[in-house]
Amino acid sequence: MKGFISKTMTLALACGGLALAGGCESYRSIVDPCYPERYEYQARREVVGAIAPQVLNGHVLDQTVWNYQFELGSDRLTPGGMEHLGFLARRRPAPDPNVYVQTAQDVTYDPKAPDRFAEARANLDNRRVQAVQNYLMAQTAGRHLTFDVTVHDPNEVGLGAVPVGVAVGKMYLGYQGNLPTTAGAGASNVSGGGGATGGGGGGAPAGGGR
């Protein structure tokens, strides 16, 4: 038994000496000292990397001025188009200087003169870009902002009005709660006032007894 104890103590002292000599390097070479943070970071980057293109595409579409925000075949902004540009110009914490204009799809096509169609569309695109530039500069006058307006050709995105109307209606109908009514508050005040009156009435006979 004494021999076993002495051997155990010798082995423990030897391991302790190796630990002191090697320090943390021996420990780091055996295990990952950054677990689980290293793998959580990697997983988070993979998720963000997959979502980032979708977020960027949505932002570009949000920054787009569409054909229906101009008068048909014209570079004149509709009230809805001006409202949309005003929203983009007031975005917080700072407006995105990259604004996009949908290429004109409301130009009449003549199959006998396809070159004129391309020329007319390019001309209308340029005039609409200038109209957007002019309105943004007027909207942000004095703020020293510069906008870069680019023409692109995205598909229009959206949802049907009927299902969206049903979903929004159900969302509003889903709110429930109880608020104090005026009648209840008045009743409480009346009962409290009655108690005060009763107290005053009780004091009157005492004074009369004197």
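**View 1. Surroundings of V99 in the predicted model.** Leaving aside neighbours within four places in sequence, V99 is in contact with Q63, V65, L85, L88, V132, L136, F147, D148, V149 and T150. V99 also belongs to the largest nonpolar core, where V99, V65, L85, V132 and L136 have the most contacts inside it. That core has 13 residues. Two or more of its residues come from each of α4 (79–89), β2 (98–102) and α5 (114–139).

**View 2. The three-stranded open sheet.** The strand order is β1-β2-β3, and the pairing is parallel. Strands β1 and β3 (148–152) form the edges, each pairing on one side only. Five bridges join β2 and β3 in the parallel sense. Q102 stands opposite H152 in β3. In general, the strands of a sheet pair through backbone hydrogen bonds.

**View 3. N67 in the loop between β1 (64–65) and α4.** N67 counts as buried because its relative accessibility is 8%, and buried means under 20%. Not counting residues up to four places away in sequence, N67 touches Q102, T103, A104, Q105, D106 and R128. Q102, one of these contacts, is the residue that stands opposite H152.

**View 4. A nonpolar patch on the surface.** L159, V164, V168, M171, Y172 and Y175 form this patch. Together they have about 680 Å² of accessible area. One of the patch residues, V164, sits in helix α6 (residues 161–173). V164 is partly exposed, at a relative accessible area of 31%.

How values were computed:
Residues are numbered from 1 along each chain as its sequence is written. This is a predicted model: local features need pLDDT of at least 70, side-chain atom pairs count only at pLDDT 80 or more; totals for chains, interfaces and linings use all residues. Side-chain values use heavy atoms; hydrogens and water are left out. A nonpolar core is a set of buried Ala, Val, Leu, Ile, Met, Phe, Trp, Tyr and Cys residues joined through side-chain atoms within 4.5 Å. Buried means under 20% relative accessible area, exposed over 50%, partly exposed in between (1.4 Å probe, protein chains only). Helices (H or I, at least four residues) and strands (E, at least two) are DSSP runs, numbered from the N terminus. Contact means heavy atoms within 4.5 Å. Patches are made of residues with over 30% relative accessible area and no salt bridge: like charges are joined within 9 Å, nonpolar side chains (Val, Leu, Ile, Met, Phe, Trp, Tyr) within 5 Å. Accessible areas come from the Shrake-Rupley method with a 1.4 Å probe; for residues, only the protein chains shown count as cover. A salt bridge is a side-chain nitrogen of Lys or Arg within 4 Å of a carboxyl oxygen of Asp or Glu. Two strands pair if DSSP finds at least two bridges between them.
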